[in-house]
Amino acid sequence: MSVHGGPTDRREATSPAAGNAVSGGGNGVLKSDSSRPVTIVSSQRLRLNPNKDHKPDIYEGLQLEFASSIFSSLERYLPPSMLSVPREDKVNFMREILLKHLPPGELNRAQKLRDYRQKIMSNYQPLHRELRTLNPTMFFVPAFLKAINDNTEQSFRSIMSEPIPGIFTFEMLQPRFCELLLYEVEHFERWVNETKFRIMRPNIMNKYGAVLDDFGLETMLDKLMEGFIRPVSKVFFGEVGGSTLDSHHGFVVEYGKDRDVDLGFHVDDSEVTLNVCLGKEFSGGELFLRGTRCDRHVNTGSLSEEIFDYSHVPGRALLHRGRHRHGARATTSGQRINLLLWCRSSVFREMKRYKKDFSGWCGECNREKKARQHSSIAAMKLELFKREEETTA
């Protein structure tokens with residue numbers, strides 16, 4: 001078994017990888033005042049625990065490579081000496097940390113992505129502008145909305161099924177919302193074909209589908225993540241940054257005749273993934289999930305209790321860790337279209353750089369830890385047994 005790395009690259013319809021959405025937005029590059037001395041900190045690392053009493057600066061309106069919400073989220077994790085420095089210095093400090101996570105050339109690709117989106121927004125006329133503003137009563141089924149408003153683990157579990165640990169399924173989207181989003185995607189694809197515009201596909205594994213962030217739905221999806229996915233993730237996925245989700249990559253994938261047929265075994269470039277079927281009529285296309293793994297153990301085998309197959313139902317959501325290995329079986333008839341929201345935490349990604357044990361969420365790390373503990377206990381018992389024999393001899 002071989003699991004590909006997270007399918008992060010964006011691909012044009014007729015060209016190789018052409019950038020990705022890891023930047024989470026932004027509208028340019030922040031330029032610092034070179035005439036003013038910049039605060040220098042000896043160790044560019046974040047605090048392990050946030051300063052919950054600290055009120056972050058406002059970063060909206062600045063020209064940043066990353067979404068302003070990322071900087072607001074990270075600020076609470078800055079070293080104490082950085083909390084009172086000017087905003088520009090905090091931006092520079094956090095920017096250097098964020099850049100560590102970008103592959104070479106990523107900033108150039110991020111700039112190209114901004115230009116690409118601007119070109120779309122200047123020419124594309126949306127079909128349903130109401131989708132750009134998140135309307136909870138129009139978007140969500142009442143039970144899901146009530147659970148979010150109550151905002152407790154009990155309220156979440158009351159609407160969810162957890163067939164295996166770490167996999168949550170629940171009714172989420174109103175049929176009318178699914179219908180409108182499908183119409184909007186079809187409208188966008190017609191515009192692409194009519195104008196012969198070359199679009200970037202969601203990732204390197206899907207040859208069909210569209211990135212919703214690219215044609216006006218980024219703000220709506222950001223509010224979806226912040227107000228509706230993050231509260232749930234804080235409860236169920238806290239060990240992988242569920243409470244600090246601060247950026248996303250939102251897209252639809254299309255399976256069926258003249259579309260993608262299936263999807264290979266992989267992990268997502270996310271901390272938490274939301275997967276919701278929008279429709280249409282189809283058969284097949286089951287998702288198969290095979291356990292959560294860190295980078296070191298991504299290609300290890302699966303235990304029987306980690307094996308789960310899921311059949312898609314329009315409007316019904318599946319929520320899981322991005323590192324939960326999965327793939328999609330062939331869609332044998334009809335057409336299946338799914339909404340995917342990859343939710344990311346820059347705080348978690350920074351902290352992960354300094355950890356080696358992921359037993360809190362990696363199945364194989366957990367088994368290795370238990371094996372070490374079992375071996376240690378067995379060795380201790382043997383030593384005590386030997387000492388008892390010596391004293392009674």
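Modeller: Rings of Phe, Tyr and Trp (its six-membered ring) form a pair if their centres lie within 6.5 Å; planes under 30 degrees apart are stacked, over 60 edge-to-face, and the rest tilted. The structure holds 20 such aromatic pairs. One of them joins F358 and W361. Their centres are 5.4 Å apart, and with 55 degrees between the planes the pair is tilted. F358 is buried at 10% relative accessible area, and W361 is buried at 9%, because buried means under 20% (exposed is over 50%, partly exposed in between; 1.4 Å probe, protein chains only). One aromatic cluster is made of Y116, Y124, F188, W191, F197 and F215.

A word on the basis. This is a predicted model, in which local features need pLDDT of at least 70 and side-chain atom pairs count only at pLDDT 80 or more, while totals for chains, interfaces and linings use all residues. Residues are numbered from 1 along each chain as its sequence is written, and side-chain values use heavy atoms, with hydrogens and water left out.

Next, the nonpolar core. Such a core is a set of buried Ala, Val, Leu, Ile, Met, Phe, Trp, Tyr and Cys residues joined through side-chain atoms within 4.5 Å. The largest one has 63 residues. F140, M172, L224 and L274 have the most contacts inside it. Elements here are DSSP runs numbered from the N terminus: helices (H or I) of at least four residues, strands (E) of at least two. Those giving two or more residues to this core are α3, α5, β2 (168-171), α7 (175-195), α8 (218-236), β7, β11 (316-321) and β13. α7 gives the most, with nine residues. Now take L224. Contact means heavy atoms within 4.5 Å. Setting aside neighbours within four places in sequence, L224 is in contact with L134, F140, M172, I229, L274 and L341.

H128 sits in the loop between α3 (106-123) and α4 (136-139). Its relative accessible area is 15%, so H128 counts as buried. Beyond four places in sequence, H128 is in contact with L180, Y183 and E184.

On a 1 Å grid over the protein atoms alone, a cavity is a set of points where a 1.4 Å probe fits but cannot get out; lining residues have an atom within 4 Å of a point. Points join across faces, edges and corners, and volume is the space filled by probe spheres set on them. The count comes to five cavities of 30 Å³ or more. Of its 19 lining residues, Y255, L263, H266, N275 and L340 are the closest to its centre. Two or more lining residues come from each of β5 (247-256), β6 (263-266), β7 (272-279), β12 (324-328) and β13 (331-344). The lining of the largest cavity divides into nine nonpolar, eight polar and two charged residues. Here Ala, Val, Leu, Ile, Met, Phe, Trp, Tyr, Cys and Pro count as nonpolar, Asp, Glu, Lys and Arg as charged, and the others, Gly among them, as polar.

Conventions:
On a 1 Å grid over the protein atoms alone, a cavity is a set of points where a 1.4 Å probe fits but cannot get out, and a pocket is an open set with protein on both sides within 12 Å along at least five of seven lines; lining residues have an atom within 4 Å of a point.
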